[in-house]
Amino acid sequence: MFNFPKKKTEISTELLIRFIWVSSFLAMIFALPPLGLFLGIYFLTGELILGAVIGFGLHFVILAFSGKISKVITKIVS
């Protein structure tokens, strides 16, 4: 039915490994600090809403600097 063009691109294993490492580090940086802050506030004070709002806010602050964080991590890994 559909004839998609066949594209053959050579991607080195070094590039794939670097991509996996950078992606893993970014995922940890984006997820773990807000989650830790949320759980810390929740377990220490018992305030679910306060912990969620602060954790969610920190998550978006980190996302605002994701481009710069990605460049630094890419330099470190390469």
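Tutor: Helices and strands are DSSP runs, numbered from the N terminus. The structure above is a predicted model.

Student: How many helices and strands does the protein chain have?

Tutor: The protein chain has three helices and zero strands. Read from the N terminus, the order of elements is α-α-α.

Student: How much confidence does the predictor place in the chain, and where is confidence lowest and highest?

Tutor: Start with the general point: where pLDDT is low, the predicted coordinates should not be read in detail. Here the mean pLDDT of the protein chain is 89, and 96% of its residues reach 70 or more. Helix 3 (residues 66-77) has the lowest confidence, a mean of 89, while helix 2 has the highest, at 94.

Student: At what angle do helix 1 and helix 2 cross?

Tutor: An angle over 145 degrees counts as roughly antiparallel. The axes of helix 1 (residues 13-45) and helix 2 (residues 48-64) cross at roughly 160° and come within 8 Å. Helix 1 is therefore roughly antiparallel to helix 2. Their crossing is right-handed.

Student: Which residues make that contact?

Tutor: From helix 1, the contributors include Ile 29, Phe 30, Pro 33, Pro 34 and Leu 37. From helix 2, they include Leu 50, Gly 51, Ala 52, Ile 54 and Leu 58. By class, the contact of helix 1 with helix 2 has 15 nonpolar, three polar and no charged residues.

Student: How are helix 1 and helix 3 arranged?

Tutor: The axes of helix 1 and helix 3 come within 10 Å and cross at roughly 135°.

Student: Which residues of helix 1 and helix 3 make the contact?

Tutor: Helix 1 supplies Arg 18, Trp 21, Val 22, Phe 25, Leu 26, Ile 29 and Phe 30. Helix 3 supplies Ser 66, Ile 69, Ser 70, Ile 73, Thr 74 and Val 77. These residues divide into nine nonpolar, three polar and one charged. Ile 29 and Phe 30 of helix 1 are also listed in the contact with helix 2.

Conventions
Residues are numbered from 1 along each chain as its sequence is written. This is a predicted model: local features need pLDDT of at least 70, side-chain atom pairs count only at pLDDT 80 or more; totals for chains, interfaces and linings use all residues. Side-chain values use heavy atoms; hydrogens and water are left out. Axes are lines fitted to C-alpha atoms, for helices over the stretch in contact, and angles run from 0 to 180 degrees between N-to-C directions. Helices (H or I, at least four residues) and strands (E, at least two) are DSSP runs, numbered from the N terminus. Angles under 35 degrees count as roughly parallel, over 145 as roughly antiparallel, 65 to 115 as roughly perpendicular and the rest as oblique. A crossing is left-handed if the near helix is turned anticlockwise from the far one by less than a right angle, and right-handed if clockwise. Contact means heavy atoms within 4.5 Å. Ala, Val, Leu, Ile, Met, Phe, Trp, Tyr, Cys and Pro count as nonpolar, Asp, Glu, Lys and Arg as charged, and the others, Gly among them, as polar. pLDDT is the predictor's confidence in each residue, from 0 to 100.
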